[in-house]
Amino acid sequence: MERTMLRRRALAAGTAAFAVGALALAGLTGIASADPSGSAVPAAADRLSPGLIEAMRRDLGLDAAEAKTRIANEYRAAAVSAGLEKSLGADFAGARVSGDTAVLIVATTDRADAARITAAGARAEVVDHSLDRLDAAKAALDRVALKEAPQDVPSWYVDVRTNRLVVNAARTASAEAFLTAAGVSRDLVQVNRSAERPRTYADLRGGDAYYMNGSGRCSIGFPVKRGTQNGFVTAGHCGTPGVTTTGVNQQAQGSFQGSTFPGRDYAWVATNANWTPRALVNGYGNGDVTVTGSTQSVVGASVCRSGSTTGWHCGTIQQHGTSVTYPEGTISGVTRTTVCAEPGDSGGSFISGSQAQGVTSGGSGNCSQGGTTYYQPVDPALQAYGLTLVTSGTPTDPPTDPPTDPGGTWAAGTTYATGAVVTYGGASYRCLQGHQAQAGWQPPNVPALWQRT
């Protein structure tokens with residue numbers, strides 16, 4: 001299950017129960033202070049692009065100072081919640097932020113955990129169901145949907161706000177049949193009536209445009225590398241392996257190397273030597289946004305999307321690990337947001353502050369009346385294809401003849417989360433930004449990725 005995979009990566013960032021916030025926070029690229037009170041603003045949050053600030057003002061009603069404070073607090077929340085998830089174990093029932101200042105709320109099934117949560121700088125909430133139990137129920141629905149997509153059930157997800165598995169359905173009877181087929185206990189579930197009709201946005205462009213086989217258009221999500229090969233991640237519904245692409249300038253660009261849809265919605269395109277990857281998201285005249293990592297933001301956090309059809313738009317994260325049914329079938333593991341989108345925004349970048357979140361998948365509504373948009377998280381795509389996100393600290397290509405490995409826990413091909421600790425050559429190193437290790441990128445060689453402890 002994709003959420004479980006992401007959770008394991010997040011847990012590697014925490015190395016103690018109580019000092020979890022400070023320890024994990026120190027490993028987050030650009031963080032100026034680990035003070036849980038929120039008095040210091042992370043350097044990365046203080047360097048937000050004017051375009052993103054303007055979009056947050058328009059869509060979230062925040063001025064520049066409020067936007068920077070909120071994103072700084074959201075960065076802290078991601079680090080603290082990852083550590084508490086490890087510390088609370090089976091009691092953990094989810095985390096979210098609330099309000100314009102992004103107050104962190106962490107839920108548990110054991111009242112005795114409240115003091116530990118409060119000591120870490122979060123607000124405690126005692127609920128009935130653990131996140132593991134709700135995730136397991138959702139996984140049962142996903143297994144049924146993979147065999148046959150449910151009719152009149154557009155989406156389902158674990159909602160940490162209500163501590164329930166939410167099933168959105170056009171008809172209650174359809175939801176009940178779905179739950180029965182999966183054997184899910186009704187006391188875990190909240191059924192909502194929904195007229196939502198999600199669809200993909202593959203026919204036009206979002207973000208920097210590219211064209212498939214000279215006809216349809218989609219959008220670059222984020223530039224990536226696979227060893228010395230450059231490329232980008234995008235939505236899986238945009239193309240299948242072998243489909244050729246041309247860039248926004250209509251010049252030859254590359255071809256799809258891997259694609260998954262439905263089930264998931266990610267793909268990657270390898271580009272030719274004429275295309276240079278940059279750690280940037282198109283700001284559409286308001287200043288490009290620099291990508292510094294891919295730390296997943298928590299529920300309730302602000303998130304912004306770049307797309308050529310509708311420009312910059314922002315909203316908040318509603319639920320992670322959502323399943324949604326499109327006409328082409330069901331996909332799982334996407335994130336549900338309040339950000340609007342329109343045809344042409346498919347495949348484009350979702351970013352929170354300077355942290356890459358995912359690529360636009362699909363949704364409902366529009367940017368005139370509002371809507372719901374889903375994005376495919378970027379980290380599972382990187383893991384699926386052995387890719388490394390291009391960030392402002394990405395090292396140069398690994399040497400063609402890397403040195404002999406002197407031993408330790410570090411290993412090429414492994415995906416490391418921010419804050420993870422490894423050993424190499426008898427020394428310990430802490431990961432500064434999430435990435436997949438490449439041969440030649442041993443910790444001593446890449447100070448942008450590893451710090452000796």
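Reader: What makes β26 and β28 count as paired strands, and in which sense do they pair?

Author: Happy to start there. In this predicted model, strand β26 (residues 427–431) and β28 are joined by three bridges in the antiparallel sense.

Reader: Which sheet is that, and what makes β25 and β28 its edge strands?

Author: The strands follow the order β25-β26-β28 in an open sheet of three, with antiparallel pairing. Both β25 (421–424) and β28 (450–452) pair on one side only, and they are the edge strands. Neighbouring strands here are turned by 35 degrees against each other on average, direction ignored.

Reader: Why is α3 called roughly perpendicular to α4?

Author: Helix α3 (residues 50–60) and helix α4 (residues 64–88) pack at an angle of about 100 degrees, and their axes are 9 Å apart. Angles of 65 to 115 degrees count as roughly perpendicular, and that makes α3 roughly perpendicular to α4. On the α3 side the contact is made by L52, I53 and M56, and on the α4 side by A64, A67, K68 and I71. These residues divide into six nonpolar, no polar and one charged. Lys counts as charged, so K68 is the charged one.

Reader: Where does α4 lie relative to the strands?

Author: Helix α4 lies across β1 and β2, and runs at about 15 degrees to β2.

Reader: How do you know that β1 and β2 are paired, and which way do they run?

Author: Five bridges join β1 to strand β2 (residues 103–108), and the two run antiparallel. At least two bridges are needed for a pair, so the five here meet that rule. In β2, T108 is the bridge partner of F92.

Reader: Why is one side of β1 left without a neighbour in the sheet?

Author: The open sheet has three strands in the order β1-β2-β3, with mixed pairing. β1 (92–98) and β3 (123–126) stand at its edges with a single partner strand each, so one side of each has no neighbour in the sheet. The twist averages 25 degrees from one strand to the next.

Reader: What lines the second largest pocket?

Author: This pocket holds about 430 Å³ of space. Of its 22 lining residues, D208, I220, P223, R278 and L280 are the closest to its centre. The elements giving two or more residues to the lining are β11 (229–234) and β15 (280–281), and β11 supplies the largest share, three residues. By type, the lining divides into nine nonpolar, ten polar and three charged residues.

Key:
Residues are numbered from 1 along each chain as its sequence is written. This is a predicted model: local features need pLDDT of at least 70, side-chain atom pairs count only at pLDDT 80 or more; totals for chains, interfaces and linings use all residues. Side-chain values use heavy atoms; hydrogens and water are left out. Axes are lines fitted to C-alpha atoms, for helices over the stretch in contact, and angles run from 0 to 180 degrees between N-to-C directions. Helices (H or I, at least four residues) and strands (E, at least two) are DSSP runs, numbered from the N terminus. Angles under 35 degrees count as roughly parallel, over 145 as roughly antiparallel, 65 to 115 as roughly perpendicular and the rest as oblique. Contact means heavy atoms within 4.5 Å. On a 1 Å grid over the protein atoms alone, a cavity is a set of points where a 1.4 Å probe fits but cannot get out, and a pocket is an open set with protein on both sides within 12 Å along at least five of seven lines; lining residues have an atom within 4 Å of a point. Grid points are joined across faces, edges and corners, and a volume is the space filled by probe spheres set on the points.
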